[in-house]
Each structure stands twice: as C-alpha cells, then as structure tokens.
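I opened the structure and kept notes as I went. The entries follow in the order of my look-ups.

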Amino acid sequence: MTLWAFYVRNSQEVLGLVGQHLYLVAISTGAAIVIGVPLGILLTRRPAWRGPVLGVANVFQTVPSLALFGFLIPLPFIGGIGARTAIVALVLYALLPIIRNTYEGVAGVDPAVREAGRGMGMTDWQLLTQVELPLGFGVILAGVRVATVVSVGTATIAAAIGAGGLGVYIFRGVAVVDDTLILAGALPAALMALTADGLLGVAARRFAWRAE
Amino acid sequence: MGGGGRWRAVQGGACALAMVASLAAGCRSRDRIVVGSKNFTESDLLGEIVAQQIERRTSLPVERRFHLGGTFVCHQAITSGGIDLYVEYTGTAYTAVLKHPPVADRDSVYRTVARDYARQFGLVWGKPFGFNNTFAITVRHRDAARYGLRRISDLVRLAPRWKAGFGYEFLERADGFRGLASVYGLRFASPPTAMDLGLTYRALADGKVDVIAGNSTDGQIEALDLVALEDDRHYFPPYEAAPVTRQSTIQQHPDIAAALDQLAGRLSDGEMRRLNALADVEHQDIATIARDWLRTSLP
C-alpha cells in the first residue's frame, strides 16, 4: 500500500494522532518554558547554583527514554502510564536548552548597559524586565526553538507508554516490519518539526527587526 | 525476548547480504563446526549450549558466530555455508521463512518445516529442546492466587473489570490480540493500552495494568513474581526451538546429530525461563550458564 492510499484510508486516525502529538509537544514545551525560564534567570542571580542545575538538566538529556519511563511508572502523581508520564519525560528533555539559553541571554547583556540602568535608579526587577529580558530575548527564543523542534521528534516515544501520538505508527511499523507504516508516522513528525522551526524562526526575525 | 526477538529477527534482512558475504568468505574450510545464533539472549544461550555439547561429545573444534542480525541473516548464512548450524523456532521458520499462515498445531508445524527445509534448503531440523517460546498472557501472582486464575479461560469473567497493556507487535500480528479476543471472548474494561513490550512488565508489576502479553520463556516473569496463564484453547502458534544443521555437515560428521539428539526435550518452559533470568536478571556469563546447565542436566 502506498503512503498516500494509507493516509486516505485512515484519515480520521491520522488526524487524531497528529492532534495528540501536537498536544504532547505544546503542553510539554509550555511547561518547560514556565519552569526553565525562571530557573535560568535565577541562575544569573545565584551563580553558585549554575553548575548543579545545568548538571542535572544535562543528566536528564542522557537518560534513554525507555529507561526514564521505567523509572517513572511506579511514581505517584507524575508516573503511571499514559500522556502524563510522557509529558513529564518530554519536559525533562526540553529543560536544558531553555535553562541554558535563558541564562546565557540574560547574563550576556553588556555590563555597561546594566550599569547605566542601575545608574538611572532601576530596581533589580525593573532591570530584569526592562533591560535584560528584552535584550536577551533573541537568545532565549533560540533555546525555545531548539527545545520545540527536539520535542516534536522525541514525542514519538510517547507511544511506548500508551500516550499515543505519531510514534504509534512508527512502533507498529517496526513491530510488523512495514516501511509504509513507519513513514506514515515519521513523515508528518518531520514536517511538524520543520514547520515549528520555521514559525519560531519568523518570530525571531520579527523580534530582531523590532529590537533594532 | 522471543516475541520481540522473532520479529526483530525478521528485520535484519537489509544487512543480511553484506554479513553473509563476509561470513561465507571467512570460513570455507570444513575442519571445524561453525555455530550461529540470533541477536537476543535466549538464542545466544541455546547457541552456546549446542556449541559446548558438540565440544564435549565430539572431537570437533567449534567456532561461535553469535548475535547475528536475526532470522534472515542466520538463514542466509546457513544456506550459503557460512555457518553449519543455529537454533531456530518452528513458528518463525513456518511463517517468516516458509511464508505459511500461522497455525496452532505443534506436530504439523514441526513436520512441515522439517520436510520443507530438507527439500528446499538441504537443512536438517533436529529434535526440539522441549520448551515453547510463544506469547504468554501474564498476570500478577497475587491476582492469580486470589481469583484462582490458571488458564486464559479463567480470565474471561474478570476481564470486563481489568485493564490490559500490550506491545505493538501483539496488537498488530495475525496471531495476536484480535484473534485471541475472539477465540476466548475476551473483553477488557477499556481498549488495551499500546506500549513498549519491556515496559508492559513494569506496568503490570506496579499495578498500572492487570494483564499483559509477555513471552513465555522470559526471565522477567519469575523475577517480577508474575504468572503466565495456560493457553487452554491452543490459540497461539507453537514456537519450539530446535537445532537446524546443514545436511552436508551431518553427513561428514554423523556424531554431531547424536550429540544434538541428547538435548531433545531437556528444556521445559520453566527451565528456559530460569536460564534466561540468570543471563538477563542476574547478568551471569552465558558460557558459564551453559556449562553449569550441561553439567547438571547431561553429566
């Protein structure tokens, strides 16, 4: 069966899985931003925490997904099987680029600019929201972009723990040695990653243009 | 392992030719016996047992070519003469190599593969080791004791209140869940959760699901205090393991056939599970497990 015929015959299911996939990526990347950006900012205020926090985020990157799921299954609240566990894993994988880029973006602001702000009598909060975040926004956004694109790919492993998404086709295809099925999952995931990258790229350029 | 292994086995097709070419080039001389195995623990264990048995019972030197890509790699290697023997499963040979639709009768599957292998490939099927590595509907030991579960039929009345988690292979295959559900009239509380096979064991042990489809000789079953239910309606096709040897090798060295015959019927499902657990759960060395088993079972 050709890929096209497969999509026509299973259009409902395909759309459902694409929806699940988008849901997993959106929720997990959103949560990673909500956790990662404040954490990255905190690191600029508490430099001593930088090593340990980035170290932990680094370690999560290196844990294979199936092993991570294995650890998560017995845990209360965040564990079990299904979308919740998959989202927890995806958040852990997305944290590193967001924390790191937020830290670099904020810490990389020209010290002279920061001094000027202080000289004008800005509080730390004003300095952060009116100087450091606007100037570091491009770098932070680049981190979010990396996290999103990686999440679209990684979310295929959600199918290993009953959370659905496009990985379902990939796992099924591998199980029954069917290349069409594998492609049916991999191709839309790749398109989704490229689209997300493109959209965030446009956002970044818009911002860069406005910042000038 | 077996279930995943059977099909992981099949996937090796792409790299088969390259490997076979190198194998065939490497060992043309016939003064030693080359034993192969597929790329999962049970196949390595059986390959090692066969290799040591030949070393013990004949004067022939044995060369090991273990962990080959899978069914297709092993099959190409043995038909081209790169290896002299390896351990294959009747059901795999029947469906994956000979392309017959799955059937459940052990004897007819064995007779068919033995006949067709001899005719088509010049390969001889030895006697099966005794165990059957097929799908195993598995529950927690605690539940089996509480509800008196022994056979899959016993599960039917409980299923409407229970949750199932199955691997993708079991959900997709012709001899998988759909057929099982209709043969036994099984209905679960919700559609079975599709997940990675290895994770289903953990999900079952941690109480996240109540029924899984494991592989009957998997070491995890005992390690996690689980029970495999008896397939009382004989739904699952047989996957009996037996040594497959080149006819020409047996003609040159008839004592090999005699040595292999001594292994016939020596490994029950439980015994194979125990050996797999020694390798996978306790991480013992495969050569040591094989040596200890041969020493106690075939002194």
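I began with the make-up of chain B, which has 16 helices and 10 strands. The model is a predicted one. I then looked up burial: of the 299 residues in chain B, 51% are buried. Next came contact range. Taking contacts in chain B with a separation of 6 or more, I found that 80% join residues 24 or more positions apart.

**Entry: the sheet in chain B.** I traced an open sheet of 5 strands in chain B. Its order is S7-S6-S8-S5-S9, and the pairing is mixed. Which strands sit at the edges? They are S7 and S9 (226-228) of chain B, each pairing on one side only. A reminder to myself: strands of a sheet pair through backbone hydrogen bonds, either parallel or antiparallel.

**Entry: where the chains touch.** I counted 18 residues of chain B in contact with 17 residues of chain A. On the chain B side, the elements giving two or more residues are helix H1 (2-11), helix H9 (168-172), strand S7 (193-194) and helix H11 (197-205). H11(B) gives the most, with 4 residues. By class, I noted 7 nonpolar, 4 polar and 7 charged residues on this side of chain B.

**Entry: cores.** I looked up the largest nonpolar core and found 82 residues in it. Those with the most contacts inside the core are A:Leu90, A:Leu95, A:Ile98, A:Ala159 and A:Ile161. Helix H5 (residues 83-107) of chain A supplies the largest share, 15 residues. Apart from this core lies another, of 48 residues, with B:Leu46, B:Val73, B:Val109 and B:Ala241 among them. I also checked the contacts of A:Ala159, leaving aside neighbours within four places in sequence. The list includes A:Gly164, A:Val168, A:Phe171 and, from chain B, B:Ala194.

**Entry: A:Ser151.** I placed A:Ser151 in helix H7 (residues 124-154) of chain A. Is A:Ser151 buried or exposed? It counts as buried, because 23 C-beta neighbours lie inside 10 Å. Beyond neighbours within four places in sequence, I found A:Ser151 in contact with A:Val25, A:Ser28, A:Thr29, A:Leu90 and A:Ala94.

Note on methods
Residues numbered from 1 in each chain as written. Chains lettered and ligands numbered in written order. Predicted model: local features only at pLDDT ≥ 70, side-chain atom pairs only at ≥ 80, totals over all residues. Buried ≥ 20, exposed ≤ 12 C-beta atoms within 10 Å, placed from the backbone. Contact = placed C-beta atoms within 7 Å. Nonpolar A, V, L, I, M, F, W, Y, C, P; charged D, E, K, R; others polar. Core = buried A, V, L, I, M, F, W, Y, C linked by C-beta atoms within 7 Å. Pairing = 2+ DSSP bridges.
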